[in-house]
Amino acid sequence: MRAAMMLAVLFVGSCGGAGKVVESVSDVGADQQSRDGAEADRGLLDLSPGDAADTAGQEGRMPDGMAGDGFPSGDSTFLCEEGSGCFLDPCGQNSGCQSGWCVEHMGDKVCTVACQEECPPGWSCQQVAGAVPDVVFICVSDHANLCRPCRDGKDCEGSVGTGDVCVDYGVEGAFCGGKCTGGKACPWGFSCKQALTVDGIAVQQCVADLGVCPCTQASVELALWTECTITNEWGSCGGKRVCTPEGLAPCDASVPVPDECNGLDDDCDGDTDEDTCDDANPCTEDSCLGPDGCLNVAKEGECIDGNPCTVADHCVVGVCSGSPVKCDDSNPCTDDGCDEAGGCV
(Lines give C-alpha, C1' and ligand atoms only; values in the text may rest on other atoms or scores of the structure.)
Protein backbone atom coordinates (compact mmCIF):
# COMPACT_ATOMS: atom_id res chain seq x y z
CA MET A 1 0.00 0.00 0.00
CA ARG A 2 2.81 2.44 0.91
CA ALA A 3 4.62 1.71 -2.36
CA ALA A 4 1.43 2.43 -4.31
CA MET A 5 0.94 5.66 -2.41
CA MET A 6 4.47 6.78 -3.17
CA LEU A 7 3.97 5.98 -6.86
CA ALA A 8 0.90 8.24 -6.88
CA VAL A 9 2.73 10.98 -5.01
CA LEU A 10 5.60 11.00 -7.48
CA PHE A 11 3.18 11.72 -10.30
CA VAL A 12 1.73 14.78 -8.53
CA GLY A 13 4.58 16.95 -9.83
CA SER A 14 4.23 17.34 -13.60
CA CYS A 15 4.65 15.38 -16.81
CA GLY A 16 7.82 16.79 -18.27
CA GLY A 17 11.52 16.13 -18.57
CA ALA A 18 14.48 17.78 -16.90
CA GLY A 19 14.55 21.57 -16.86
CA LYS A 20 16.82 24.42 -15.84
CA VAL A 21 17.60 25.18 -12.24
CA VAL A 22 15.12 27.22 -10.27
CA GLU A 23 15.85 29.19 -7.11
CA SER A 24 13.89 26.94 -4.86
CA VAL A 25 15.69 25.68 -1.78
CA SER A 26 14.60 27.22 1.52
CA ASP A 27 17.04 29.38 3.46
CA VAL A 28 19.56 29.40 0.62
CA GLY A 29 20.16 31.12 -2.70
CA ALA A 30 20.56 29.62 -6.17
CA ASP A 31 23.22 30.11 -8.81
CA GLN A 32 23.37 27.78 -11.80
CA GLN A 33 26.87 26.92 -12.98
CA SER A 34 28.31 24.37 -15.39
CA ARG A 35 29.84 21.01 -14.62
CA ASP A 36 32.89 19.57 -16.38
CA GLY A 37 32.74 16.44 -18.49
CA ALA A 38 29.69 14.52 -19.59
CA GLU A 39 27.48 16.18 -16.95
CA ALA A 40 28.16 19.76 -18.10
CA ASP A 41 24.55 20.26 -19.18
CA ARG A 42 23.03 19.44 -15.79
CA GLY A 43 23.77 22.73 -14.02
CA LEU A 44 25.13 23.42 -10.57
CA LEU A 45 22.60 24.50 -7.95
CA ASP A 46 24.25 26.83 -5.45
CA LEU A 47 22.88 25.76 -2.08
CA SER A 48 24.39 26.43 1.28
CA PRO A 49 23.89 23.30 3.39
CA GLY A 50 22.76 25.52 6.29
CA ASP A 51 20.82 23.32 8.68
CA ALA A 52 20.79 20.41 6.27
CA ALA A 53 21.04 16.90 7.55
CA ASP A 54 24.30 15.02 7.02
CA THR A 55 24.50 14.22 3.31
CA ALA A 56 27.68 12.17 3.57
CA GLY A 57 27.25 8.86 1.81
CA GLN A 58 24.39 10.18 -0.34
CA GLU A 59 26.67 11.09 -3.21
CA GLY A 60 25.07 9.88 -6.41
CA ARG A 61 22.65 7.63 -4.50
CA MET A 62 18.90 7.33 -4.75
CA PRO A 63 16.88 6.45 -1.64
CA ASP A 64 16.20 2.81 -0.95
CA GLY A 65 13.54 1.40 -3.22
CA MET A 66 14.02 4.06 -5.94
CA ALA A 67 14.81 2.66 -9.36
CA GLY A 68 17.54 4.20 -11.49
CA ASP A 69 14.95 5.97 -13.67
CA GLY A 70 13.67 7.97 -10.73
CA PHE A 71 10.50 5.98 -10.09
CA PRO A 72 9.54 3.76 -7.14
CA SER A 73 10.57 0.19 -7.75
CA GLY A 74 7.80 -1.20 -5.58
CA ASP A 75 10.43 -2.74 -3.31
CA SER A 76 9.02 -3.25 0.15
CA THR A 77 12.22 -1.75 1.53
CA PHE A 78 11.00 1.70 0.42
CA LEU A 79 9.26 2.48 3.66
CA CYS A 80 8.85 6.11 4.61
CA GLU A 81 6.24 7.17 7.08
CA GLU A 82 4.24 10.11 5.77
CA GLY A 83 5.24 13.36 7.42
CA SER A 84 8.69 12.11 8.36
CA GLY A 85 10.51 14.09 5.66
CA CYS A 86 9.79 11.91 2.62
CA PHE A 87 9.84 13.17 -0.95
CA LEU A 88 7.07 15.81 -1.42
CA ASP A 89 6.42 16.07 2.33
CA PRO A 90 5.89 19.72 3.40
CA CYS A 91 8.92 21.27 5.06
CA GLY A 92 10.09 24.54 6.51
CA GLN A 93 13.83 23.96 6.59
CA ASN A 94 16.42 21.50 5.33
CA SER A 95 16.67 19.58 8.60
CA GLY A 96 13.03 18.54 8.27
CA CYS A 97 13.80 16.30 5.30
CA GLN A 98 15.40 12.87 5.25
CA SER A 99 17.49 13.93 2.26
CA GLY A 100 18.61 17.10 4.04
CA TRP A 101 17.14 19.36 1.36
CA CYS A 102 13.93 21.40 1.40
CA VAL A 103 13.08 22.92 -1.99
CA GLU A 104 10.36 25.05 -3.55
CA HIS A 105 7.66 23.30 -5.58
CA MET A 106 4.37 24.74 -6.88
CA GLY A 107 4.81 27.83 -4.72
CA ASP A 108 5.36 25.80 -1.55
CA LYS A 109 8.25 24.04 0.18
CA VAL A 110 8.63 20.26 0.05
CA CYS A 111 11.30 17.68 0.73
CA THR A 112 13.29 16.40 -2.22
CA VAL A 113 15.57 13.40 -2.80
CA ALA A 114 19.11 12.81 -3.96
CA CYS A 115 19.62 11.67 -7.55
CA GLN A 116 22.17 10.26 -9.98
CA GLU A 117 20.86 11.03 -13.44
CA GLU A 118 17.06 10.95 -13.44
CA CYS A 119 14.26 12.42 -11.36
CA PRO A 120 10.47 11.93 -11.37
CA PRO A 121 8.61 13.73 -14.19
CA GLY A 122 8.58 17.47 -13.59
CA TRP A 123 11.86 17.42 -11.67
CA SER A 124 15.49 17.90 -12.80
CA CYS A 125 18.66 16.45 -11.31
CA GLN A 126 20.97 19.32 -10.29
CA GLN A 127 24.27 19.46 -8.44
CA VAL A 128 24.33 21.30 -5.13
CA ALA A 129 27.14 23.81 -4.86
CA GLY A 130 28.67 24.37 -1.45
CA ALA A 131 28.02 20.83 -0.21
CA VAL A 132 31.76 20.24 0.10
CA PRO A 133 33.59 17.98 0.47
CA ASP A 134 30.82 15.79 -0.96
CA VAL A 135 29.36 16.14 -4.44
CA VAL A 136 25.58 16.04 -4.05
CA PHE A 137 22.86 15.95 -6.68
CA ILE A 138 19.21 16.53 -5.77
CA CYS A 139 15.93 16.65 -7.67
CA VAL A 140 14.75 20.25 -8.25
CA SER A 141 11.20 21.12 -9.33
CA ASP A 142 10.65 22.40 -12.87
CA HIS A 143 7.69 24.42 -11.54
CA ALA A 144 9.02 25.89 -8.32
CA ASN A 145 6.89 29.06 -8.34
CA LEU A 146 3.86 27.94 -10.36
CA CYS A 147 0.65 29.64 -9.14
CA ARG A 148 2.51 31.86 -6.66
CA PRO A 149 0.93 35.36 -6.29
CA CYS A 150 2.99 37.94 -8.17
CA ARG A 151 3.11 41.57 -9.25
CA ASP A 152 5.72 41.36 -12.00
CA GLY A 153 8.05 38.87 -13.64
CA LYS A 154 10.72 39.29 -10.97
CA ASP A 155 8.46 37.54 -8.45
CA CYS A 156 8.56 34.41 -10.65
CA GLU A 157 12.27 34.30 -11.47
CA GLY A 158 13.43 31.30 -9.51
CA SER A 159 16.65 31.41 -11.52
CA VAL A 160 17.87 32.70 -14.85
CA GLY A 161 16.26 31.00 -17.81
CA THR A 162 13.29 29.29 -16.15
CA GLY A 163 10.85 30.89 -18.60
CA ASP A 164 8.29 31.56 -15.86
CA VAL A 165 6.37 34.84 -16.04
CA CYS A 166 3.70 36.69 -14.05
CA VAL A 167 0.40 35.80 -15.73
CA ASP A 168 -2.62 38.11 -15.67
CA TYR A 169 -5.67 36.24 -14.32
CA GLY A 170 -8.01 39.21 -14.76
CA VAL A 171 -10.07 40.25 -11.74
CA GLU A 172 -8.58 37.40 -9.68
CA GLY A 173 -5.12 38.96 -9.77
CA ALA A 174 -1.81 37.71 -11.17
CA PHE A 175 0.07 34.46 -10.52
CA CYS A 176 3.30 32.86 -11.69
CA GLY A 177 2.99 30.68 -14.76
CA GLY A 178 5.23 27.81 -15.79
CA LYS A 179 7.18 27.05 -18.92
CA CYS A 180 5.44 24.47 -21.09
CA THR A 181 7.48 24.55 -24.28
CA GLY A 182 10.51 22.55 -25.30
CA GLY A 183 9.04 19.26 -24.11
CA LYS A 184 7.90 20.55 -20.73
CA ALA A 185 4.34 19.59 -19.84
CA CYS A 186 2.05 21.14 -17.22
CA PRO A 187 1.15 19.51 -13.90
CA TRP A 188 -2.33 18.11 -13.32
CA GLY A 189 -4.88 20.92 -12.98
CA PHE A 190 -2.99 23.19 -15.38
CA SER A 191 -3.14 23.64 -19.15
CA CYS A 192 -0.53 24.93 -21.53
CA LYS A 193 -2.14 27.86 -23.30
CA GLN A 194 -1.47 31.34 -24.58
CA ALA A 195 -1.74 33.83 -21.76
CA LEU A 196 -0.97 37.48 -21.19
CA THR A 197 1.69 38.64 -18.80
CA VAL A 198 0.97 41.60 -16.51
CA ASP A 199 2.89 43.64 -19.10
CA GLY A 200 0.46 42.59 -21.84
CA ILE A 201 2.82 40.19 -23.65
CA ALA A 202 1.34 36.98 -25.09
CA VAL A 203 3.25 33.82 -24.02
CA GLN A 204 2.70 30.05 -23.71
CA GLN A 205 2.44 29.17 -20.02
CA CYS A 206 0.92 26.65 -17.66
CA VAL A 207 -2.32 28.25 -16.43
CA ALA A 208 -4.62 26.98 -13.67
CA ASP A 209 -7.77 25.38 -15.10
CA LEU A 210 -9.87 26.82 -12.25
CA GLY A 211 -8.97 30.37 -13.28
CA VAL A 212 -7.49 31.22 -9.88
CA CYS A 213 -4.65 29.91 -7.71
CA PRO A 214 -4.94 28.77 -4.09
CA CYS A 215 -2.67 30.04 -1.34
CA THR A 216 0.06 27.64 -0.28
CA GLN A 217 1.36 27.51 3.28
CA ALA A 218 4.55 29.28 2.17
CA SER A 219 2.53 32.07 0.53
CA VAL A 220 0.52 32.53 3.72
CA GLU A 221 3.64 32.65 5.90
CA LEU A 222 5.23 35.23 3.59
CA ALA A 223 1.93 37.20 3.31
CA LEU A 224 2.30 37.22 -0.48
CA TRP A 225 -0.25 39.29 -2.39
CA THR A 226 -1.44 40.14 -5.85
CA GLU A 227 -2.84 43.39 -7.17
CA CYS A 228 -6.58 43.87 -7.76
CA THR A 229 -9.01 46.64 -8.76
CA ILE A 230 -12.58 47.75 -8.03
CA THR A 231 -14.17 49.62 -10.93
CA ASN A 232 -17.47 51.48 -11.38
CA GLU A 233 -18.80 54.54 -13.20
CA TRP A 234 -16.73 56.87 -11.04
CA GLY A 235 -13.35 55.29 -11.68
CA SER A 236 -11.05 52.41 -10.84
CA CYS A 237 -9.24 51.93 -7.51
CA GLY A 238 -6.35 49.52 -6.97
CA GLY A 239 -5.70 47.32 -3.95
CA LYS A 240 -4.28 43.99 -2.78
CA ARG A 241 -5.45 40.42 -2.29
CA VAL A 242 -3.30 38.92 0.47
CA CYS A 243 -2.83 35.20 1.07
CA THR A 244 -4.41 34.12 4.37
CA PRO A 245 -5.08 30.69 5.94
CA GLU A 246 -8.60 30.99 4.49
CA GLY A 247 -7.26 31.70 0.99
CA LEU A 248 -6.92 34.90 -0.98
CA ALA A 249 -8.56 37.76 0.89
CA PRO A 250 -11.11 39.94 -0.96
CA CYS A 251 -9.73 42.98 -2.75
CA ASP A 252 -9.05 45.71 -0.18
CA ALA A 253 -9.33 48.54 -2.75
CA SER A 254 -11.60 51.51 -2.04
CA VAL A 255 -14.88 51.80 -3.93
CA PRO A 256 -14.62 54.80 -6.31
CA VAL A 257 -16.94 57.74 -5.49
CA PRO A 258 -17.10 61.36 -6.68
CA ASP A 259 -14.35 63.51 -5.20
CA GLU A 260 -15.17 65.38 -2.01
CA CYS A 261 -13.12 68.04 -0.20
CA ASN A 262 -11.48 65.72 2.30
CA GLY A 263 -7.83 65.39 1.32
CA LEU A 264 -8.48 62.04 -0.39
CA ASP A 265 -8.49 60.85 -3.98
CA ASP A 266 -12.02 59.47 -3.79
CA ASP A 267 -12.32 58.50 -7.47
CA CYS A 268 -8.72 57.21 -7.70
CA ASP A 269 -7.77 59.24 -10.77
CA GLY A 270 -4.53 60.54 -9.28
CA ASP A 271 -5.91 63.99 -8.37
CA THR A 272 -7.08 64.96 -4.89
CA ASP A 273 -10.09 67.18 -4.06
CA GLU A 274 -10.53 68.30 -7.66
CA ASP A 275 -13.50 70.60 -8.45
CA THR A 276 -15.03 70.00 -5.05
CA CYS A 277 -15.70 73.50 -3.62
CA ASP A 278 -17.28 75.42 -6.52
CA ASP A 279 -20.36 77.18 -5.06
CA ALA A 280 -21.41 78.54 -8.50
CA ASN A 281 -21.01 82.10 -7.15
CA PRO A 282 -18.83 84.28 -9.40
CA CYS A 283 -18.16 86.62 -6.45
CA THR A 284 -16.33 84.10 -4.26
CA GLU A 285 -12.83 82.62 -4.45
CA ASP A 286 -13.24 78.88 -3.92
CA SER A 287 -10.60 76.58 -2.45
CA CYS A 288 -10.36 73.23 -0.66
CA LEU A 289 -8.51 72.91 2.63
CA GLY A 290 -8.47 69.13 2.57
CA PRO A 291 -9.76 67.61 5.80
CA ASP A 292 -10.80 71.11 6.96
CA GLY A 293 -13.35 71.42 4.16
CA CYS A 294 -14.13 74.18 1.65
CA LEU A 295 -13.28 77.86 1.87
CA ASN A 296 -15.34 80.42 -0.15
CA VAL A 297 -14.03 83.97 0.22
CA ALA A 298 -15.91 87.02 -1.15
CA LYS A 299 -14.10 88.99 -3.84
CA GLU A 300 -14.60 92.25 -5.70
CA GLY A 301 -14.66 93.16 -9.36
CA GLU A 302 -16.78 92.63 -12.43
CA CYS A 303 -19.01 89.64 -12.69
CA ILE A 304 -21.78 88.17 -14.78
CA ASP A 305 -24.93 87.32 -12.91
CA GLY A 306 -26.65 85.78 -15.93
CA ASN A 307 -29.64 88.13 -15.65
CA PRO A 308 -30.46 89.93 -18.95
CA CYS A 309 -32.38 92.56 -16.99
CA THR A 310 -29.23 94.00 -15.37
CA VAL A 311 -26.13 95.73 -16.71
CA ALA A 312 -22.76 96.72 -15.28
CA ASP A 313 -22.71 93.66 -13.05
CA HIS A 314 -20.19 93.76 -10.21
CA CYS A 315 -19.53 92.03 -6.90
CA VAL A 316 -20.89 93.56 -3.72
CA VAL A 317 -20.12 91.69 -0.47
CA GLY A 318 -19.92 88.38 -2.29
CA VAL A 319 -23.07 88.97 -4.35
CA CYS A 320 -23.13 89.71 -8.09
CA SER A 321 -25.56 92.56 -8.86
CA GLY A 322 -26.05 95.25 -11.50
CA SER A 323 -28.16 98.25 -12.57
CA PRO A 324 -31.62 97.60 -14.08
CA VAL A 325 -31.88 97.64 -17.87
CA LYS A 326 -34.00 100.50 -19.27
CA CYS A 327 -36.58 99.00 -21.61
CA ASP A 328 -38.56 102.20 -22.48
CA ASP A 329 -38.95 102.25 -26.27
CA SER A 330 -40.62 105.73 -26.17
CA ASN A 331 -43.73 104.23 -27.72
CA PRO A 332 -46.88 105.30 -25.85
CA CYS A 333 -48.73 102.36 -27.35
CA THR A 334 -46.57 99.65 -25.67
CA ASP A 335 -46.22 98.47 -22.14
CA ASP A 336 -42.46 98.13 -21.53
CA GLY A 337 -40.89 95.63 -19.18
CA CYS A 338 -38.05 93.13 -18.76
CA ASP A 339 -38.27 89.36 -18.73
CA GLU A 340 -35.37 87.67 -16.93
CA ALA A 341 -35.68 84.81 -19.40
CA GLY A 342 -35.23 87.00 -22.47
CA GLY A 343 -34.67 90.68 -21.66
CA CYS A 344 -36.83 93.68 -22.71
CA VAL A 345 -40.39 93.03 -23.91
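Predicted model: local features only at pLDDT ≥ 70, side-chain atom pairs only at ≥ 80, totals over all residues.

Trainee: What makes up the secondary structure of the protein?

Mentor: The protein has two helices and 18 strands. Helices (H or I, at least four residues) and strands (E, at least two) are DSSP runs, numbered from the N terminus.

Trainee: What makes the link between Glu172 and Arg241 a salt bridge?

Mentor: A salt bridge is a side-chain nitrogen of Lys or Arg within 4 Å of a carboxyl oxygen of Asp or Glu. For Glu172 and Arg241, the N to O distance is 2.8 Å, so the pair meets that definition. The two residues are 69 residues apart, with Glu172 in the loop between E6 and strand E7 (174-176) and Arg241 in strand E11. Glu172 has a relative accessible area of 26%, so Glu172 is partly exposed.

Trainee: How many salt bridges does the structure hold?

Mentor: The structure holds three. One of them joins Arg148 to Glu104, with the closest N and O atoms 3.8 Å apart. Arg148 is in the loop between strand E5 (136-141) and strand E6 (166-168), while Glu104 is in strand E2, 44 residues apart. Both Arg148 and Glu104 are buried. Arg151 and Asp155 also meet in a salt bridge, at 3.8 Å, N to O. Arg151 is at 38% relative accessible area and is therefore partly exposed; Asp155, at 25%, also counts as partly exposed.

Trainee: How do you know that E2 and E3 are paired?

Mentor: Two strands pair if DSSP finds at least two bridges between them. Four bridges join E2 to strand E3 (residues 108-111), and the strands run antiparallel. Glu104 stands opposite Lys109 in E3.

Trainee: Which strands pair with E11?

Mentor: Strand E10 (residues 225-232) pairs with E11 in the antiparallel sense over eight bridges. Ile230 has Cys237 in E11 as its bridge partner. E11 also pairs with strand E12 (residues 247-248), again antiparallel, over two bridges.

Trainee: What makes a group of residues a nonpolar core?

Mentor: A nonpolar core is a set of buried Ala, Val, Leu, Ile, Met, Phe, Trp, Tyr and Cys residues joined through side-chain atoms within 4.5 Å. The largest one has 17 residues, of which Tyr169, Phe190, Cys206, Ala208 and Cys213 touch the most other members. Strand E8 (190-196) and strand E9 (202-208) each supply at least two residues of this core. The largest share, three residues, comes from E9. A second, separate core of 16 residues includes Val110, Cys119, Trp123 and Ile138.

Trainee: Why is Leu289 called partly exposed?

Mentor: Leu289 has a relative accessible area of 44%, so Leu289 falls in the partly exposed range. Leu289 lies in the loop between strand E13 (284-288) and strand E14 (294-298).

Notes. Residues numbered from 1 in each chain as written. Heavy atoms only, no water. Buried < 20%, exposed > 50% of the residue type's maximum accessible area, 1.4 Å probe, protein only.
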